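Look at the sequence and the structure below.

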Amino acid sequence: MRILVQAEAFDAGAELNAFSNATGGIGAIVTFTGIVRDSTQGDLAAMEIEHYPGMTERALTAIAAQASARWNLADCLVIHRYGRLLATDPIMMVATAAAHRTAAFAAAEFLMDYLKSRAPFWKKELTDTGAGWVQARDDDEAALTRWQS
Amino acid sequence: MIDVLYFAWVRERIGLPRETVETCAATVADLVAELVAREDRYAAAFADLSSLRVALDQELSDFSAPLAGVREVAFFPPMTGG
C-alpha cells in the first residue's frame with residue numbers, strides 16, 4: 001500500500017508500470033486517473049487544491065486499508081496532488097491489484113468514492129471572472145451509501 | 001489551550017489558518033459559540049453549521065462531540081477531493 005500526497009506532478013504511466021511490476025503475477029490491475037477539467041465557460045486559469053497535512057495522509061491510509069481488507073487486495077496505490085494546477089494536469093490516481101477484475105474495479109470505485117468525500121482536500125477554481133470554491137455534490141455523499149450495506 | 005485550524009472558505013472568512021484558543025468549552029458546539037461571540041468574522045464563518053465539517057485530532061467528528069483531551073480542532077467545508 002502506497003499513499004502519496006504531493007505538490008509535484010506524477011507520471012501515471014510510469015506509476016502504473018512500477019505498480020504492475022511490484023505486484024507481478026496478480027490477475028487484475030485497475031487504475032483511475034483524475035484530470036483537471038476546464039470550467040464550463042472554458043476559462044479556467046488554474047485550480048488550487050488545499051489540504052490538511054497530517055489528516056490527509058491518515059484519512060487516505062484508512063480508506064486504502066479498508067479497501068485492501070474488504071477486497072483482499074494484493075496492493076493499492078493512491079496519489080493526490082495539492083497546490084496550483086492547470087487544466088489537463090493529472091490531479092490524482094488510484095491503482096488496485098487483486099486476483100480478479102471484479103474486486104479490483106470495486107475497490108478502485110470504493111477508494112474514489114471515499115476519497116472524494118472523506119479525504120480533506122478542497123478545490124478552488126480561478127477563472128477570468130473570479131475565484132470560487134468547488135461545492136461538494138449531494139450525489140458524492142450518496143455514493144457512499146452503496147458501500148455501507 | 002487548544003489548536004484550532006480553518007480550511008478553505010472558513011479560513012478565508014476568519015482570515016487566518018490556525019490559532020491557539022484558551023477555552024473551557026465542553027463540546028465543539030460550545031467552542032463554536034465562544035468563537036462566534038468574539039467577532040463578526042467568526043459569526044460569518046459559522047453562520048450555517050450544516051455546511052461545515054469538524055475534525056478532532058484529525059478524525060472526522062461532529063458538533064456535539066466532547067472536547068476533553070482534544071488537542072487539535074479543525075473546521076472546514078465538505079471535502080471536494082478526487
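## Two helices of chain A

At roughly what angle do the axes of helix H3 and helix H4 of chain A cross? The axes of H3 (residues 101-118) and H4 (residues 138-145) cross at roughly 130 degrees and come within 9 Å. Axes here are lines fitted to C-alpha atoms, for helices over the stretch in contact, with angles from 0 to 180 degrees between N-to-C directions. Helices are DSSP runs (H or I, at least four residues) and strands are DSSP runs (E, at least two), numbered from the N terminus. H3(A) and H4(A) are therefore oblique to each other; angles under 35 degrees count as roughly parallel, over 145 as roughly antiparallel, 65 to 115 as roughly perpendicular and the rest as oblique.

## The model

This is a predicted model, in which local features need pLDDT of at least 70 and side-chain atom pairs count only at pLDDT 80 or more, while totals for chains, interfaces and linings use all residues. Residues are numbered from 1 along each chain as its sequence is written, and chains are lettered from A and ligands numbered from 1 in the order in which they are written.

## Contact between the chains

Chain A puts 21 residues into the contact and chain B puts in 14 residues; two residues are in contact if their C-beta atoms, placed from the backbone, lie within 7 Å. On the side of chain A that touches chain B, H3(A) gives the most, with five residues. Helix H2 (55-70) and strand E7 (121-127) of chain A are among the elements that give two or more residues to that side.

B:Phe7 is in contact with residues including A:Glu50, A:Trp122 and B:Phe76, leaving aside its neighbours within four places in sequence.
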